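Please read them beside the model.

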Amino acid sequence: MNKWFNQLFQLDSNGTTVKREVMAGAIGFFTIVYIIAVNSLILSEAGIPLEAAIFATIITSVAGCLIMGFWANVPILLVPGMGINALFSYTMVQSMGLSWQEALAVVFISGLIFVFVAFSRFAKTLSESIPHSLKEAITVGLGLFLMLIGLEKGGIVEKGTNSIIAMGELGDPQVLATILTFLLAIILFMRNVPGNFLITVAAGTLIAWAFGPINVQKNPDEKPFALSDYMEIFGAMSFDNLLSVTFWIAIFSLTMVLVFENIGLVHGHVGFINRPEQFKRAFQATSVSALLSGIFGTSPTVATVESAASMAAGGRTGLTAVTTGLLFMLSAFFIPVIKLIPNSAIAPILIIIGGLMLQNIRNLDLKDMSESFPAIFIIAMIPFTYSIADGIAIGFILYPILKISIGKAKEVSLALYVIAALFLFNFVFHVIS
C-alpha cells in the first residue's frame, strides 16, 4: 500500500511519508472544518436552505480537495472561500438583487472564464506579469491576515466600536484557554514534536472544556441531513437574467476576485513548500473546483489560507489534500462532534502559521520605494480591509502609478497595466453604485 501511495503521490522525492501526509491532512481538516457551519450560515442569508447549504459546502470541499490532490499533487485545500461567500450573499443577492439561483449561474460562468484562463497561456502571462515584490507581499499579507483571524477566533482581539480592533477581556475563559493552548502549541512546534498541531487541537479542546467554553447541549430542533433537501439546490442555476447588465457586472466582479486572489494564494502556497513548478496544475485544479461550485450549489472554492497549517505540519503532496477531502466526506455524519472543537483550540495554530508566512518579508527590497511601497500596502490592507481581494487590488493599482511617476513605466508589463485598470474600474463602479 505504501509503495502504491509513493508512486501515485511521489512521496519519496518530496521527502515525506504516508503517516506524515495523513496527519497533515487531518490537521488541515480540523483547521478549516469551521467553514461547514460558517459558509452555510452565510449562504442561508442569500435564501439557500440551511440544510442544503451545509451539504453543498461539504460536497464542494470534498470535490475540491480530491481534484487538487490527484491532479496537482500539492497539499492545498479547496473549500468555499471566506469573503467570496459574503460577495455572493450580501453583494450579488442582497445588494444587486439577483436571486440565489442567478447568483449560482454567475458562479458557474465566472468559473468557466477562470478555467479558460487557467488552461491557456493567460495563466503563465498573468503570473509572470506580477512583480516578485507583490507576490511576496501577498504571502506576507496572508500571514498577517491569518494571525488576525487566529487572534479574533481566540477572543484575544475583537472588533471594537470606536476602533478597528480592541483587546478582549483577559479574564474571559475563552481568552485564557486560547493563551494556555497557544503556549502549549508554540512549545510543541519549536521542539518539532511529531503531530504537534493535532496534539494541540486535542489538548486545546480539553483545556477549553476545563474552562467551560464548550457547549455540549444538543439542539432539539436540529434536523438530520436528507438528500432531498440538497437536491433543491443541486444544478439549480438560473440564466433568466443572462442578458442583463447587472448579471454581467456580477460576473466581472466575481471573476476578478477569483482569478487574482487565487493567483496570489496558489503562488504563496507552492512557494511555501518550495514546489513552484506545481503552480500551473494547482491553479488549474482551483479553476475546475470553482466551476463545480456553481453546480453543487455554493459560492466558489479558493485555495484557502488555512492550507498553510497542513504544510507546516509536514504536508508536501496531494495525499494531504485527499486526506482532508475524505475527512470532509465523513464529516456529514459527525457534525455534532466537530462542533465541539472550540475556537480556542484552532486559534493558536492559525497564529503560528501566520507568523511563519510573515517571515517572507525578508525577501522584499525595502530600498526601492517603487517596489516596497505597493508591497507594504498589500501587507497592510489585506488584514485592515478584511479582504484579500481588496488588499491585492490596492497594491496592483499603486505599483504602475509609482513606476510611471519616477520614469520607469517600461518596467511594468502591459498585462499589469490592464489588470490595474480593471481593478480600478471595479473600485469606481462600487463607489458609484
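The points below start with the basis of the model and then turn to side chains.

1. This is a predicted model: local features need pLDDT of at least 70, side-chain atom pairs count only at pLDDT 80 or more, and totals for chains, interfaces and linings use all residues. Numbering runs from 1 along each chain as its sequence is written, and side-chain values use heavy atoms, without hydrogens or water.

2. Rings of Phe, Tyr and Trp (its six-membered ring) pair if their centres lie within 6.5 Å; planes under 30 degrees apart are stacked, over 60 edge-to-face, the rest tilted. The count by this rule is 18 aromatic pairs. Trp4 and Phe5 are edge-to-face, because their ring centres are 5.2 Å apart and their planes stand at 65°.

3. Ring pairs join Trp4, Phe5, Phe9 and Phe70 in a cluster. Buried means under 20% relative accessible area, exposed over 50%, partly exposed in between (1.4 Å probe, protein chains only). Phe5 is buried at 19%. Trp4 is partly exposed at 48%.

4. A charge sits over a ring if NZ of Lys or CZ of Arg is within 6 Å of the ring centre and within 35 degrees of the ring normal. Arg281 has its charged end over the ring of Trp71, 3.8 Å from the centre.

5. A nonpolar surface patch consists of Leu176, Ile179, Leu180, Leu183 and Phe211, with about 380 Å² of accessible area together. Nonpolar side chains (Val, Leu, Ile, Met, Phe, Trp, Tyr) are joined within 5 Å, like charges within 9 Å. Areas are Shrake-Rupley values with a 1.4 Å probe; for residues, only the protein chains shown count as cover.

6. Helix 9 (residues 173-190) gives the largest share of the nonpolar patch, 4 residues. Helices (H or I, at least four residues) are DSSP runs, numbered from the N terminus. Leu180 lies in helix 9 and is partly exposed at 40%.

Note on methods:
Patch = residues over 30% accessible without salt bridge, like charges linked within 9 Å, V, L, I, M, F, W, Y side chains within 5 Å. Salt bridge = Lys/Arg side-chain N within 4 Å of Asp/Glu carboxyl O. Helix = DSSP H or I, 4+ residues; strand = E, 2+ residues; numbered from the N terminus.
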